[in-house]
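Subject: Structure handover

Dear colleague,

I am passing on the structure below, together with some notes on what was found in it. Please look it over before reading on.

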Amino acid sequence: MIKAKKKANEITEDDVKEGEKDIQKLTDKFIEKIDKIGEEKVKEIMAI
């Protein structure tokens, strides 16, 4: 969506870069959560 707005000249290049940084932060946050859940599941399975 960000790139589509850039292509349509609705936002600036700086806005694109800022939006991409925000998306990357969210992605990293959720990857971290998924990794923690995976580690907990491994521990749970090994305990049984």
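The notes below go from the whole protein to single residues.

This is a predicted model, in which local features need pLDDT of at least 70 and side-chain atom pairs count only at pLDDT 80 or more, while totals for chains, interfaces and linings use all residues. Residues are numbered from 1 along each chain as its sequence is written, and side-chain values use heavy atoms, with hydrogens and water left out.

The secondary structure comes to two helices and zero strands, where helices (H or I, at least four residues) and strands (E, at least two) are DSSP runs numbered from the N terminus. Along its principal axes, the C-alpha trace spans about 55 × 15 × 5 Å. Of the 48 residues of the protein, 4% count as buried; buried means under 20% relative accessible area, exposed over 50%, and partly exposed in between, with a 1.4 Å probe and protein chains only.

Asn9 sits in the loop between α1 (2-7) and α2 (13-47), and its phi is near 60 degrees, a positive value in a residue other than glycine. Asn9 is also exposed, with a relative accessible area of 64%. Lys25, in turn, is found in helix α2 and counts as exposed at 57% relative accessibility. From C-alpha to C-alpha, Lys25 and Ile2 are 15 Å apart in space, and they are 23 residues apart in sequence.
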